[in-house]
Amino acid sequence: MLEKIEPTRAASPWHEGELAIQRSIGVVDRMDAPGRNFVRSFMPEQHQQFYQLLPFIVLGAVDAAGDVWASLRVGEPGFMVALDAHALNVQLPRDRNDPADKGMEDGAAIAMLGIQLETRRRNRLNGTIQRTADDCFAVAVGQSFGNCPQYIQLRDFSFVREPNTPPEARPVRLDGLDARAKEIIANADTFFVASYVDRENGERQVDVSHRGGKTGFVRVGEDGVLTIPDFAGNKFFNTLGNFILNPRAGLLFVDFATGDMLQMTGEAEVILTSPEIDAFQGAERLWRFRPRQVVYRPDGSPLRWSFEQAGWSPNSLMTGDWQQTGERLRATARAGEWRPFRIVRTRDESATIRSLYLEPADDAGLAPFRAGQHLSIRVTTKGKPAVRSYTLSAAPSDASYRISVKREGTVSSHLHSLGPGDVIEVRAPAGSFVIDATERRPAVLLAAGVGITPMIAMLRDLLYEGLRKRRIRPTWLFQSARSLNERAFDQEIASLVDAGQGKIRLMRVLSRTDGARKGEDYDAAGRIDIPLLQSILPFDDFDFYLCGPRAFMQSLYDGLRALNVADARIHAETFGLSSLARSLDAGLQPSSKPQASTPVRVTFAASGKESRWQPGDGTLLDLAEARGLSPEYGCRNGSCGSCSTRVLEGEVAYPQQPSFEVRQGEALICCAVPAENDGRALQLAI
């Protein structure tokens with residue numbers, strides 16, 4: 001019997017540097033097919049036609065010393081013509097003022113980026129120069145592929161002189177970055193970067209690429225090092241992958257209004273994790289560039305570009321800047337402090353729910369957070385300070401915090417009485433009830449009453465991240481309310497659904513339908529329950545998110561578990577005095593230590609008081625209050641973290657595991673009790 005021989009799969013189309021970054025975000029398998037399908041060894045017919053329309057080309061070349069340079073060369077449209085699918089003829093004279101020209105000899109590797117700033121269309125090509133004369137050369141295609149239009153600002157061009165007429169000003173070689181160089185970089189919303197690797201087969205592969213963002217998205221440090229955020233893209237990682245294997249880099253900045261060009265060569269470093277990445281909106285990693293040679297070429301380009309009206313790339317506008325990043329880093333450093341926030345506006349979302357928009361009243365910004373987290377606030381009512389936690393109804397990409405408060409109780413009624421200009425104290429967002437907008441598994445959001453607040457934040461984040469990364473996570477929102485006038489965020493949710501490109505679906509449920517029209521004002525009467533979910537959902541593999549009154553969440557949780565939905569697939573927010581009794585999947589056990597079965601002496605270090613906890617006495621918060629102490633807390637179920645207290649001696653246990661992540665050496669006293677500890681005392685910092 002002949003042995004079956006499996007076909008041998010060809011090596012990955014990506015080199016090890018590109019694979020290293022793809023591995024860091026878990027997309028190696030996903031990017032294998034695109035690499036084989038879209039990176040071609042020839043120019044498709046569209047690309048052949050495209051290059052001959054262009055008035056300029058961005059080039060990447062390596063000089064004899066191994067330094068890589070990015071350059072921009074100009075010609076009348078038609079100066080590039082495809083001879084066939086495998087060769088591009090380029091009619092360009094030598095330019096000894098261009099440091100990249102030294103790398104453009106016969107047989108040299110070269111990279112080309114064709115880009116239409118007026119249409120956002122771009123294609124890339126690399127290959128080998130076949131030079132027949134000083135005024136022209138052909139490029140034998142090695143790789144050819146298209147690029148998405150993200151981060152390209154729209155601009156129209158015009159010539160101010162003949163393309164091959166040199167400028168009157170001579171190039172200036174700089175020792176570092178002077179004031180003019182820093183000005184060009186600070187005002188840039190676009191630049192170009194060249195890189196290269198020498199493959200194992202001996203071939204040199206050069207790449208040149210475009211980078212874009214808001215004005216000033218490139219930071220120049222006091223040491224002259226440039227720091228650049230890397231935003232969501234095609235995940236090819238040609239440039240950064242090259243840097244992993246070979247740090248040499250060439251950067252080109254063009255002042256589009258004057259034609260001045262700034263060319264630099266030096267070394268790059270890729271940063272995959274840092275606090276600045278978390279703080280810079282839209283950044284997924286950073287890279288730094290240290291210039292070693294700098295050439296300033298006044299009037300280096302005969303082209304001038306004018307910024308088109310509404311020319312900003314939508315993707316660029318979805319990113320941050322370094323000023324905002326600095327403010328966020330200061331806010332993160334003060335995460336444990338109470339900070340003043342000013343109410344900038346309010347909005348009634350329903351008959352009972354009012355939104356408060358909050359901005360910092362100090363020199364720090366908004367601490368980064370995740371959609372679904374809550375905000376602890378401190379106010380003074382009737383002469384006494386009170387701490388409460390409210391889920392943020394804003395997305396991490398929004399310019400302000402927003403809490404949406406139902407009017408019930410002393411503190412919430414006080415918040416409803418406040419208006420623009422009033423100041424409250426705020427601590428950094430926290431909580432583990434969050435959603436991952438990049439997850440491919442569909443999400444089902446189940447909200448009752450004011451439980452819609454984390455869901456609106458999640459929806460906003462899902463849409464923002466989906467548009468930014470060009471893939472919206474499929475989502476169902478089930479929203480229930482007692483009546484039409486008590487249902488919040490109607491217009492906002494409708495606009496999110498409309499913008500969701502069919503990926504966001506809505507089911508509105510009313511308990512009382514008086515005066516409401518089915519199909520226009522609501523979709524189903526009654527309440528959200530398992531039969532309703534079964535009638536709409538195919539019940540494949542979903543992530544479920546629950547928020548609402550305790551009975552609502554417990555009923556849905558139990559029903560989903562009865563349908564064999566894994567506990568890990570059911571995420572629940574608890575607010576007020578709500579809690580959820582979970583049934584863990586087989587093999588999973590709570591991580592909490594057993595609670596003490598005998599009396600434990602508890603001391604409170606800051607106050608000098610002590611007490612004796614007895615089994616059945618309640619939580620450590622109850623014990624502290626019984627001794628006349630007033631610790632801060634925003635809930636009594638371990639969902640907000642406001643009561644977090646340092647444990648100086650001993651250990652605590654949790655009869656029911658809190659949803660808030662507890663830091664090492666601390667305890668959530670609102671739901672903690674002394675742990676079994678052989679009769680030793682428990683000492684808390686309060």
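**Helices, sheets and a cavity**

A: Start with a helix pair: helix H1 (residues 16-24) and H5 pack at an angle of about 110°, and their axes are 7 Å apart. Keep in mind that this is a predicted model.

Q: What does that make H1 and H5 relative to each other, roughly parallel or roughly perpendicular?

A: Roughly perpendicular. Angles from 65 to 115 degrees count as roughly perpendicular, so about 110° falls in that range.

Q: And the crossing of H1 and H5, left-handed or right-handed?

A: Right-handed, as H1 passes H5.

Q: Why give both an angle and a distance?

A: Because two packed helices are described by the angle between their axes and the distance between the axes.

Q: New topic: cavities. How many are there of 30 Å³ or more?

A: A search of the whole structure finds 5. The largest cavity holds about 380 Å³ of space.

Q: Which residues are closest to the centre of the largest cavity?

A: Arg211, Asp230, Phe231, Gly233 and Asn234. They belong to a lining of 27 residues.

Q: Which elements supply at least two residues of that lining?

A: Strand E6 (121-133), strand E11 (204-212), strand E13 (226-230) and helix H5 (238-245). H5 is the helix that packs with H1. E11 gives the most to the lining, with 4 residues.

Q: How do the lining residues divide into nonpolar, polar and charged?

A: The lining of the largest cavity has 11 nonpolar, 9 polar and 7 charged residues.

Q: E6 came up there. What's the strand order in its sheet?

A: E2-E1-E5-E6-E7-E4-E3. That is an open sheet of 7 strands, with antiparallel pairing. Its edge strands are strand E2 (68-74) and strand E3 (80-84), and each pairs on one side only. From one strand to the next, the twist averages 35°.

Q: Zoom in a bit. How many bridges join E4 to E7?

A: There are 4. Strand E4 has residues 87-90, strand E7 has residues 136-147, and the two run antiparallel. Leu88 stands opposite Val139 in E7.

Q: OK, what about a parallel sheet?

A: Look at the open sheet of 6 strands, ordered E27-E26-E25-E24-E28-E29. The pairing there is parallel.

Q: Why is one side of E27 and of E29 left without a neighbour in the sheet?

A: Because strand E27 (524-525) and strand E29 (570-573) stand at the edges, each with a single partner strand.

Q: And how do E28 and E29 pair?

A: In the parallel sense, over 4 bridges. Strand E28 is made of residues 543-547. Leu546 stands opposite Ala572 in E29.

Q: Last one. What's going on with E30 and E31?

A: Strand E30 (residues 600-604) and strand E31 (residues 609-613) pair in the antiparallel sense over 5 bridges. Val600 stands opposite Trp613 in E31.

Q: How many residues lie between the strands of that hairpin?

A: The hairpin of E30 and E31 has 4 residues between the strands. Look at Gly608 too: this glycine takes a positive phi near 75°.

Methods: Residues numbered from 1 in each chain as written. Predicted model: local features only at pLDDT ≥ 70, side-chain atom pairs only at ≥ 80, totals over all residues. Heavy atoms only, no water. Pairing = 2+ DSSP bridges. Axes fitted to C-alpha atoms, helices over the stretch in contact; angles between N-to-C directions. 1 Å grid on protein atoms, 1.4 Å probe; cavity = no way out; pocket = protein on both sides within 12 Å on 5 of 7 lines; lining within 4 Å. Points joined across faces, edges and corners; volume = space filled by probe spheres on them. Nonpolar A, V, L, I, M, F, W, Y, C, P; charged D, E, K, R; others polar. Parallel < 35°, antiparallel > 145°, perpendicular 65-115°, else oblique. Left-handed = near helix turned anticlockwise from the far one by under 90°.
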